[in-house]
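Work through the exercises below with the sequence and the model open. Each task is followed by its solution.

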Amino acid sequence: MRGPVRHVLLIREELRRASTPGAHALTLGVFDGVHRGHRMLFERLRAEAAARQLGAGIVTFHPHPITVLRPDIEISYLTSLETRVEQLRTTGVDFVAVVQFTSELAQVSAEDFARILIEETGLKLIVTGRDFALGRNREGTPERLGELGLDLGFEVQPIELLPEDGAPVSSTRVREALAGGAMADAAELLGRPFALRGPIVRGDERGRTIGFPTINLGLSPDLALPADGVYVSRTEVDGRRLESCTNIGMRPTFAGVRRSVETHLLDFEGDLYDRIASVELLHRLRPEQKFDGPEALITQIRRDVEETRAWFA
């Protein structure tokens, strides 16, 4: 079976497996971060679907199309695919379908992809942002999809995504906020605190030897991280929400060679290895620094913990 044909069959299978019975209104995109603009789109999707007595579905693409079309460009994700799907499922839609984006999919025309959606999901309405484009060479703009819909039997509703400070909310703006350590700005754009989620893994356990034990998150290298530094954080693990202080960076005092995320849980003792933790980063206390030795570092960590307690108080 030829590659492109096989890939189309896989797309059909992914959509068929995820979709619920009946006709649907859909929105399609990457939806990295599931930010406030995305959630406005999903609210409109549910409203338009309800008005037409349709089901509502979200089709999300992974990996990001730019990594396939422009492999020289690196992109960092605001959440893992697993977390993205979990967040999408909280929006009240009937189904979430993950479609693998490949070079073969990039060559499928907008008309052919629309026909696939009609046949596998009962597409009757597409709700999308005005800058959306689908299909080969991004030919499937809202205007072009509207023309196709007249022939194929579906509507298109393009909407403006939520403006913030005169500019649309976007995943790019969230990444820019993170790069500057502006956690309040990132939270405003996301509609929630930015969080890192992953398994607790073993580090070098140096924090324990200096009186400030930490948990280390095992994170995919393609996840976006805020600017290096020390952050007020809140950590959820085993159903508990704990005040915490998190260091992101290279640990230059100890000649670290790779970036790490280490979190000190306030007023907690215990072994949490192999659990899954979610660390909300709430406020940047300071940039990462190199100290003359362990004693100077311990003194600063004490200050960081005191400032963290004061922030929560």
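**Exercise 1.** How do the residues of the lining of the second largest pocket divide into nonpolar, polar and charged?

*Solution.* The model is predicted: local features need pLDDT of at least 70, side-chain atom pairs count only at pLDDT 80 or more, and totals for chains, interfaces and linings use all residues. Residues are numbered from 1 along each chain as its sequence is written, and side-chain values use heavy atoms, leaving out hydrogens and water.

Step 1: take the classes (Ala, Val, Leu, Ile, Met, Phe, Trp, Tyr, Cys and Pro nonpolar; Asp, Glu, Lys and Arg charged; the others, Gly among them, polar). Step 2: sort the lining, which gives ten nonpolar, six polar and seven charged residues. Step 3: locate the lining, to which α8, β9 (215-217) and β12 (260-265) each give two or more residues.

**Exercise 2.** At what angle do α8 and helix α9 pack, and how far apart are their axes?

*Solution.* Step 1: α9 covers residues 183-190, and α8 packs against α9 at about 160 degrees with the axes 8 Å apart. Step 2: the pair is therefore roughly antiparallel (angles over 145 degrees, on a scale from 0 to 180 degrees between N-to-C directions).

**Exercise 3.** Which residues make the contact of α8 and α9?

*Solution.* Step 1: contact means heavy atoms within 4.5 Å. Step 2: α8 contributes Arg173, Val174, Ala177 and Leu178, while α9 contributes Met183, Asp185, Ala186, Leu189 and Leu190. Step 3: by class, the contact has seven nonpolar, no polar and two charged residues.

Notes:
Helix = DSSP H or I, 4+ residues; strand = E, 2+ residues; numbered from the N terminus. Parallel < 35°, antiparallel > 145°, perpendicular 65-115°, else oblique.
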